[in-house]
Amino acid sequence: MKAWVLLPYPVGANRIWRHFRGRAVLSKEATEWKRQAQAECEGIPWFYGEVEVFYRLHPRKKKDGSASKVRLDVDAGGKLLLDALQGVIYADDAQAVAQGSIVGEAVDGGGISFICLPAAGRMKAFLEGLV
């Protein structure tokens, strides 16, 4: 996979899970987002080994074209994104050995874009170089 894929704006962390009869279950909103994300990823080649996932959280674009100041935290979409990709481009989200996130440019309606690459130690090398 060599191109970024743009998905709808993710569900906020506080709205992913609901508690029902003493159990945590995926909310209807999160389930629908996950279904949409998986449909957008149809046709992406399957990854068999470890992967690195990088994503950009895109704030909603205001009418004047600027980015909305109201947005999720930069890391908020990661867990739901990794879960959505499971069974679509890899078998288990445990294959993701590194992830990185930044705030991207504003887009209409907001969104989250990602790229998934075979693990090559990019993130590890980057982090080791900082310490």
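# Terms and values in a predicted model

Q: In the hairpin of strand 2 and strand 3, which residue takes a positive phi?
A: Arg21 does, with a phi near 50 degrees. This hairpin has two residues between the strands. Strands (E, at least two residues) and helices (H or I, at least four) are DSSP runs, numbered from the N terminus.

Q: What kind of model is this?
A: It is a predicted model: local features need pLDDT of at least 70, side-chain atom pairs count only at pLDDT 80 or more, and totals for chains, interfaces and linings use all residues. Residues are numbered from 1 along each chain as its sequence is written, and side-chain values use heavy atoms, with hydrogens and water left out.

Q: Why is Arg21 called exposed?
A: Exposed means over 50% relative accessible area, buried under 20%, and partly exposed in between (1.4 Å probe, protein chains only). Arg21 has 76%, so it counts as exposed. It lies in the loop between strand 2 (17–20) and strand 3.

Q: How do you know that strand 2 and strand 3 pair?
A: Two strands pair if DSSP finds at least two bridges between them. Strand 2 and strand 3 have four, so they pair. They run antiparallel.

Q: Why is Ser27 called buried?
A: Its relative accessible area is 5%, so Ser27 falls on the buried side of the cut-off. Ser27 sits in the loop between strand 3 and helix 1.

Q: Which residues is Ser27 in contact with, leaving aside its neighbours within four places in sequence?
A: Contact means heavy atoms within 4.5 Å. By that rule Ser27 touches Arg15, Ile16, Trp17 and Arg18. Ser27 and Ile16 are eleven residues apart along the chain, and their C-alpha atoms are separated by 5.5 Å.

Q: How does the reach of helix 1 compare with the expected span?
A: The expected span is 1.5 Å times one less than the number of residues. Helix 1 (28–40) has 13 residues, and 18 Å is expected. From first C-alpha to last it reaches 19 Å, close to that value.

Q: Which residues of helix 1 are buried?
A: Ala30, Trp33 and Ala37 are. They cover an arc of only 60 degrees around the axis, which puts them on the same side of helix 1. The arc is that of the directions from the helix axis to the C-beta atoms. The face turned away from the buried side carries the exposed residues Lys28 and Ala39.

Q: What do the buried residues of helix 1 pack against?
A: They pack against strand 1 (5–7), strand 3 (23–26), helix 2 (78–85) and strand 6 (111–118).

Q: Why is strand 4 described as largely enclosed?
A: Seven of its eight residues are buried, so the rest of the structure largely encloses strand 4.

Q: How do you know that helix 2 is mostly covered?
A: Seven of its eight residues are buried. The cover includes strand 1, helix 1, strand 4, strand 5 and strand 6.

Q: Why is Asp83 called buried?
A: Its relative accessible area is 19%, and the cut-off is under 20%, so Asp83 counts as buried. Asp83 belongs to helix 2. Leaving aside its neighbours within four places in sequence, Asp83 is in contact with Lys34, Gln38 and Asp93.
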